[in-house]
Each structure stands twice: as structure tokens, then as C-alpha cells.
Amino acid sequence: QHVSADSEPTTATNTPEMTGNWVIFADTAGVGDSLAERLRTRGAHCTLVLRNANTQECDQQQMSPMRKEDFHRLLTALTTSGHDCTDLVFLWGLDTASSEQLTSSLLEEAQEITCNSIIYLVQTLLEVGWQKQPKLWLVTQGAQAVNGNANQITLAQAPLWGLGRVIDLEYPELLGSLIDLDPAITHPDILAEAIQSIIEHPIAETQLALRANQRYVARLQPGPLPKEVSQPMIWHPDGTYLITGGLGGLGLSIARWMVLQGARRLVLLSRSQLPPRSSWSLSTSHEQKLAHQIAALQELEALGATVMVFAIDVGNETRMKTLFELLQETLPPIRGVLHAAGVLTFETLPLITPEKLTPILKPKIQGAWLLHQLTKNLPLDFFITFTSPASLWGSKGQGHYAAANHFLDALASYRMAQNLPVLNIGWGPWADVGMASQEDIAHQMSLQGLQAFTIEQGLHALGRLLNASVFQRTVASIDWKTFKAIYEAQSSRRKLLADIQEDRH
């Protein structure tokens with residue numbers, strides 16, 4: 001949730017002199033230009049950085065978000081000129097397509113503009129090694145749903161917030177603030193004034209959203225699981241239920257749970273390719289993971305379900321469209337979608353490359369967007385996305401994963417605003433299944449206060465949430481005293497958990 005912090009000053013009175021060397025990664029709508037002029041009148045030197053533009057003007061540079069050497073050239077040039085950078089304002093995200101105009105190709109381009117650019121920028125800032133670390137201000141517009149209002153949410157900018165939260169954890173001295181501008185305001189001068197006001201009159205927060213001249217800050221609100229309902233959702237034996245990540249341990253556990261609830265026709269999507277059914281009986285020749293998958297599928301069929309498995313990249317638009325055409329031609333109507341596909345790796349920000357970034361973003365971002373597009377006109381009973389608490393409070397070594405999952409958070413708000421069914425669950429670690437079930441990962445999480453819950457506990461929570469009138473929840477077993485102490489240790493401005501009582505479980 002976002003709670004009001006204070007009124008946003010509409011004019012800058014008693015404004016201090018803004019000295020130093022500012023780098024503004026300028027948008028094409030003029031917010032960056034206006035901000036530069038305002039800062040220059042306060043005494044600052046400003047360099048405007050334009051994306052993929054040709055310019056010969058003084059104090060302007062051109063760069064590509066996909067060339068790290070461009071970032072290195074820019075920042076080292078400032079160093080050799082004797083003007084160490086004091087602040088950087090990132091506005092490139094403002095140029096991404098609106099949610100209404102969004103396509104798979106524009107979404108991929110937005111990931112390059114936001115995630116790829118910021119990772120290269122952070123890496124270069126660390127490599128340059130100035131005596132005093134500059135402050136990085138990450139600016140979006142409408143990337144957050146404030147007070148439940150998601151009518152103008154900009155999905156393409158949302159990953160920047162997940163990534164920014166991890167920057168705050170890995171390099172707290174670097175982040176100035178995450179700033180989300182009011183999507184109802186379009187005039188560049190007014191938007192520039194709002195940014196200037198935050199920078200000149202900061203408050204002790206790392207996450208700020210501006211709406212109608214009011215500042216809002218992010219707070220995690222505790223709450224119990226919804227109560228059991230007397231009339232749970234009806235599972236249609238003549239309907240089709242689709243699960244992505246369907247051959248993973250978690251996907252297969254959920255598939256079994258669905259069948260026990262009454263589902264009788266499942267479509268499981270996975271990157272894994274199963275051998276021909278004729279060889280399934282040769283279980284002794286299969287590796288352990290494959291043997292488990294085959295045994296699980298055979299159990300589903302023994303319980304009375306018809307199961308179809310497709311090896312597919314859920315982020316591949318052409319293949320997904322072809323698959324949905326096939327499903328709609330040959331199977332009963334799709335009644336439910338559960339998106340559990342994802343890849344989890346651990347790389348701190350200096351180690352993330354485009355080759356490591358894309359496999360993490362694609363199944364979560366492109367996959368979810370395609371599922372939304374392909375099912376938005378279908379009479380679904382549910383559309384469930386699985387995300388991670390890393391998108392809310394960040395997690396060291398998971399900048400790319402947090403970025404991907406925060407897109408799912410924004411998509412849930414977007415679907416809710418369009419009156420489409422959606423349930424977005426940020427899961428803590430599951431025991432024995434899921435991406436965090438590996439022993440070393442589970443041990444590391446337990447040291448941070450995150451305890452794994454059993455499959456039975458997780459499925460029970462899933463059932464409760466599915467039958468309740470909620471669209472977004474985080475489900476985790478947490479020792480808050482331990483977790484809060486670690487989370488808040490390095491920065492007094494990190495106040496997301498301020499409303500959580502340490503004795504709460």
C-alpha cells in the first residue's frame with residue numbers, strides 16, 4: 001500500500017543552491033530538458049543524455065541502452081574533465097509505451113530501455129570509482145498503483161521499481177529515491193518541478209509516489225489469510241485449466257491439487273521436452289527428475305484427469321498464439337490460467353549481463369503479457385500469477401528476478417482495473433518444491449528469517465486466496481524480528497516494513 005507522507009510543495013521557496021555536476025538521462029517529451037533548465041538556474045552544471053539520438057549541441061550526449069561502452073565513455077569523460085558526477089536522474093523509462101499501446105516487441109524494447117540501461121549504469125558507476133558516490137534518482141510515471149488506483153498504470157515501467165529496490169539493498173549509498181510521477185499530469189514543466197522539489201526537499205524515504213500534489217510512501221500492510229468460504233469456486237469437469245511451469249515440482253503439485261478439487265482436463269506448459277509416451281514404462285532408464293515427472297503425470301491420469309503437455313517457451317509470441325489456436329479448436333473452453341513459469345539465478349548487479357538478464361525476464365514478463373493478451377476475452381474463472389516477495393522488498397543477488405516479478409504485480413493491478421479476474425501471489429519459500437527449495441538457498445533464506453512452508457500449507461493458502469475477493473497478497477512465514485533487523489540495518493530510509501510488528505508471525 002501507499003500512505004500519504006506530506007503535501008507536495010508547488011513552488012520552491014528558500015531553495016538552496018544546486019551545485020555540482022548533474023547527468024540527466026532525458027526523455028523525449030521534454031521533462032529532462034525542463035529539469036536541466038531549472039537546475040542550471042540553481043547553479044548546477046547539467047549534461048543531457050539522449051537515447052539513440054543524433055545531436056551536436058553542447059552538454060548533450062547520445063547513447064544506446066545496449067552498449068555498455070557508451071555508459072563507460074560518458075562517465076569516464078566526466079571524470080577526466082574534473083567534474084565528478086554528483087547526481088544522476090534517469091528519465092528514459094518515461095518513453096516506454098503506454099499499457100494500452102503495449103505489444104510484445106514494445107515490451108521487449110522497454111526492458112532494454114529500463115532494466116538493461118540501469119544495470120549498465122550501476123556497473124559503470126562502480127567501475128569509475130569516484131571519491132564520492134553520486135546519487136541515482138530513478139523516475140517513472142504511473143508505475144505504481146496508489147490507493148488502489150491502477151487505471152493509468154504503465155506496465156512497461158514497473159520492472160524498474162523491482163530493480164531499484166535491489167539497488168537499494170546492494171548499494172544503499174547509491175540510490176537517491178525511486179520516484180513515481182502522477183500519470184494524470186502531462187505537462188513536462190510541471191513534472192520537472194515535481195522532480196526538482198523532491199530532490200531539493202528530500203524526506204527520509206527511498207520510495208515515493210506523487211499524486212495530486214501529495215507525496216505517498218510505500219508500506220507493507222500485514223493481514224491474515226481470508227477465512228474459509230461456505231461456497232468455494234466451482235471447478236468445471238468440462239473446462240480446461242492451463243499451468244505454465246507445469247512440469248516443475250511446484251507446477252505438478254498444483255496440478256494434483258487442481259484435480260483433487262475437481263479439474264479434469266489440464267494443459268501443462270514447460271520448457272522441458274518429455275520422451276514419447278511409449279517409452280514412459282522404461283522408468284529405470286530415466287533420470288530421477290524425469291522419472292518423477294512421468295510418475296506424477298501417471299498419477300494425475302489415474303485420478304481421472306486428461307493431461308496434455310507442451311514443450312514451449314511461454315515468452316515466444318508466435319508459438320503461444322499457435323498453441324492457443326490449437327487449444328481453442330480441440331479442447332473445451334479454457335476456464336483458468338496459472339502462471340508459475342520462471343527461472344531463478346543469483347547474480348549481484350555487477351555480474352548481470354544481457355545474456356543472464358533475458359532468461360529471467362522473458363518467462364515472467366513476456367510470458368505473462370502473452371497469457372493476458374490471449375485470454376483477456378475468455379470467460380475465465382481465474383488468472384493466477386506467481387511472483388516473489390523480492391519484488392516488494394528486494395533481495396540481494398536477485399535484481400533481474402525482482403524486476404521480472406514486479407511486472408506481475410503491476411499486471412495484477414492492471415487487470416483488476418479492467419475488471420478481469422486476477423490473483424497475484426508473492427510466495428515465500430516452499431519446502432521441497434519451487435525455485436527456492438534447494439538446500440543452500442533455503443538455508444540462506446532461513447538465516448534472514450524466511451522460513452519455508454510445506455506443500456500442504458502452501459496449497460491450503462492458495463485455496464483460501466482463490467476463493468476470496470482479493471487480487472494481490474504476499475504469503476510467507478517470516479521471523480520479523482530477524483528479517484527487519486537485516487532489512488533495515490544499512491539504511492534508516494528503508495521504511496517499507498514500518499507497520500509490521502516484530503512479534504508478528
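**Entry 1: the E8–E9 loop**

I began with alanine 212, which I found in the loop between strand E8 (207-211) and strand E9 (214-218). The model is a predicted one, and I read every value with that in mind. Phi of alanine 212 is near 50°, a positive value in a residue other than glycine. I noted the background: most residues other than glycine have a negative phi. Is alanine 212 buried or exposed? I looked up its relative accessibility, 63%, so alanine 212 counts as exposed.

I then moved to asparagine 213, which lies in the loop between E8 and E9. Its phi is positive as well, about 60°, although asparagine 213 is not a glycine. Its relative accessible area is 48%, so I logged asparagine 213 as partly exposed. The cut-off for exposed is over 50%.

Next I checked strand E5 (residues 85-90). How many of its 6 residues are buried? I got 5, so E5 is largely enclosed by the rest of the structure.

I followed the pairing on from there. Strand E2 (residues 21-25) pairs with E5 in the parallel sense, over 5 bridges. E5 also pairs with strand E6 (residues 135-141), again in the parallel sense, over 4 bridges.

**Entry 2: serine 104**

I placed serine 104 in helix H3 (residues 104-128). With a relative accessible area of 9%, serine 104 is buried. What does serine 104 touch, leaving aside its neighbours within four places in sequence? I listed Glu317, Gln366, Trp369 and Leu370.

**Entry 3: the seven-stranded sheet**

I traced an open sheet of 7 strands. Their order is E12-E11-E10-E13-E14-E15-E17, and the pairing is parallel. Which strands sit at the edges? They are strand E12 (306-311) and strand E17 (472-475), and each pairs on one side only. Neighbouring strands of this sheet are turned by 15° against each other on average, direction ignored.

I took one pair for a closer look. Strand E13 (residues 334-339) and strand E14 (residues 382-387) pair in the parallel sense over 4 bridges. In E14, phenylalanine 383 is the bridge partner of valine 337.

Then I looked at helices against the sheet. Helix H11 (residues 399-417) packs on the sheet and touches E13, E14, strand E15 (423-427) and E17. The direction of H11 makes about 155° with that of E14. Helix H13 (residues 455-466) lies across E14, E15 and E17. H13 runs at about 155° to E15.

**Entry 4: asparagine 467**

I stepped off H13 into the loop between H13 and E17, where asparagine 467 lies. Asparagine 467 has a relative accessible area of 27%, so I put it down as partly exposed. Not counting residues up to four places away in sequence, asparagine 467 touches Val229, Pro232 and Met233.

I looked up the second largest pocket, which holds about 1400 Å³ of space. Its lining counts 50 residues. Which of them lie nearest its centre? I noted Leu220, Gln221, Gln472, Arg473 and Thr474. H10, H11, E15, H13, E17 and E18 each supply at least two residues of the lining. H13 gives the most to the lining of this pocket, with 5 residues.

**Entry 5: helix H14**

I finished at helix H14 (residues 480-487). Its buried residues are Trp480, Phe483, Lys484 and Tyr487. They cover an arc of only 95° around the axis, which puts them on the same side of H14. The general rule I wrote beside this: an α-helix has 3.6 residues a turn, so residues three or four places apart point the same way.

What do the buried residues of H14 pack against? I recorded helix H4 (159-170), helix H10 (390-393), strand E16 (450-451) and strand E18 (477-478). H10 and E18 had come up in the previous entry, where each supplies at least two residues of the pocket lining.

Note on methods. Residues are numbered from 1 along each chain as its sequence is written. This is a predicted model: local features need pLDDT of at least 70, side-chain atom pairs count only at pLDDT 80 or more; totals for chains, interfaces and linings use all residues. Side-chain values use heavy atoms; hydrogens and water are left out. Buried means under 20% relative accessible area, exposed over 50%, partly exposed in between (1.4 Å probe, protein chains only). The arc is that of the directions from the helix axis to the C-beta atoms. Contact means heavy atoms within 4.5 Å. Two strands pair if DSSP finds at least two bridges between them. Axes are lines fitted to C-alpha atoms, for helices over the stretch in contact, and angles run from 0 to 180 degrees between N-to-C directions. On a 1 Å grid over the protein atoms alone, a cavity is a set of points where a 1.4 Å probe fits but cannot get out, and a pocket is an open set with protein on both sides within 12 Å along at least five of seven lines; lining residues have an atom within 4 Å of a point. Grid points are joined across faces, edges and corners, and a volume is the space filled by probe spheres set on the points.
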